[in-house]
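This report walks through one structure, from overall build to chain contact. Keep the sequence and the 3D view open while reading.

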Amino acid sequence: MGLKHSSLSRVRDEDVLGVDPPYDHHEYVGTRLRHPKQPLVLLPHTLSERTAPVYGDLALGELDNDLTRQHADEPLGERISVSGRLLGSDGRPIPGQLVEIWQANAAGRYRHAVDTHPAPLDPNFTGAGRCLTDEKGEYRFVTVKPGAYPWKNHENAWRPAHIHFSVFGRAIPDRLVTQMYFPGDPLFPFDPIFNSVRDEQARERMISSFELDLTQAEWSLGFRFDIVLGGRSATPLEEPHHD
Amino acid sequence: MTDSDLLPVPSQTSGPFLSIGLLRDHVGASVVSEDDPRAIRVRGRLLDGNGDPVPDGLVEIWQANAAGRYAHAEDTRADIPLEDGFRGFGRSGTVDDGWFEFVTVKPGRVPGPDEELQAPHLVVLVFARGLLKQLVTRLYFPDESEANATDPILSELDEAERATLIARAEDGGLRFDIRLQGEGETTFFAV
């Protein structure tokens, strides 16, 4: 018993990144004491990894996906919709999965005790939303465009405007927490988090697109953000199985 | 949709404000009810390379039920019962000075890479400011020494690596610290 399997490989993060950023990204100061220094153990995909939480039956509030209608009045800011599809790496839509978002308000301030940026809080904005993808894998949120904000990573550091996304896929390796950015942001070249993704085209896939078709006349600007999962590549480059 | 649209979106850090989106009347607040007679409490601390607590992180667990069945379509072993309401997912912030906590049940054994049974374990995911993608590890149980000794994953690790993955009994529950870096660094997996 237990003698058939081969020894587990140790791999360097560098060799299994796929499109993801490395744990050790020196320009982002927060990584310095938080990235593992030992090699990773390459885990065969057992049933524990080929499964993942399923939330298709979750009872959500009717306004959970509309961040502009969660308080007595409307929040200040540019009203926008953000919608898109959640897809597996095989291109198949992922229906009935939970999509969670959080963001700063239009002034670039989070409703959080740790956020000390001297920009106003908005009493009508919490900045949290969630919804389930429909049978075509589509999700939709209504919110206000978040503001850029300063952080203390380096002198005069500013985060480009972004919305945090958390999604589950069909299996544990699909689990993705990312940030959605807005087209044409002048802060992109200066942001170590955005630029932690080494491939330029992969960085561009974190940027939503403005779409007039999703824009509602006299009401809200429409942005599209499709999320394809499967960016992790736990197949080390030197191991020649599939592709 | 063109082919280039089918390439994956990269990971980014959850940042320091994840509690707004992921811990507000959150999913996975408990895996089972505290009243469940089988309930166990798993506590631990998330620690950085200086041994300091990480107070802005998130720990998630994913597991089979006590009979060893995942609440997921991929687990087709219909002879093992599912339980109503059991999802097998837990989520805890580390806002309390790096402490996280779960109320759950010990999962049953599930098949490993060669279909031999694995020792009971939880899949553990870690998110935090400073982590540009989640870390993946596993928690094994200290009262399963026989199963642990033949587990196809654990038995392939060296003693120091294995020690970081086995929780210890403490105060009637389990204690499982996660060290991101340095002395006693937790063994993390590429999946």
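## Contact side of β10 in chain A

In this predicted model, strand β9 (residues 162-167) of chain A pairs with β10(A). The two run antiparallel, and 6 bridges link them. One of the bridged pairs is Val167(A) with Leu176(A), the latter in β10(A).

## A buried strand

Strand β10 of chain A covers residues 176-181. Is this strand enclosed by the rest of the structure or open? It is largely enclosed, because 6 of its 6 residues are buried. Buried here means that 20 or more other C-beta atoms lie within 10 Å of the residue's own.

Leu176(A), Thr178(A) and Met180(A) point one way from β10(A). Val177(A), Gln179(A) and Tyr181(A) point the other way. Residues in both sets are buried.

## Chain A as a whole

Chain A has 13 strands and 1 helix. Starting at the N terminus, the order of elements is β-β-β-β-β-β-β-β-β-β-α-β-β-β. The radius of gyration is 20 Å, close to the 18 Å from the globule rule for 243 residues, so chain A is as compact as a globular protein of that length.

Along the principal axes, the C-alpha atoms of chain A fill a box of roughly 65 × 45 × 35 Å. Buried residues make up 42% of the 243 in chain A. Now take the contacts in chain A with a separation of 6 or more: 71% of them join residues 24 or more positions apart.

## Where the chains meet

Strand β2 (residues 40-42) of chain A is joined to β10(B) by 2 bridges, and the two strands run parallel. Within this pairing, Val41(A) has Phe189(B) of β10(B) as its bridge partner.

Notes
Residues numbered from 1 in each chain as written. Chains lettered and ligands numbered in written order. Predicted model: local features only at pLDDT ≥ 70, side-chain atom pairs only at ≥ 80, totals over all residues. Buried ≥ 20, exposed ≤ 12 C-beta atoms within 10 Å, placed from the backbone. Helix = DSSP H or I, 4+ residues; strand = E, 2+ residues; numbered from the N terminus. Pairing = 2+ DSSP bridges. Rg over C-alpha atoms; globule rule 2.2 N^0.38 Å. Contact = placed C-beta atoms within 7 Å.
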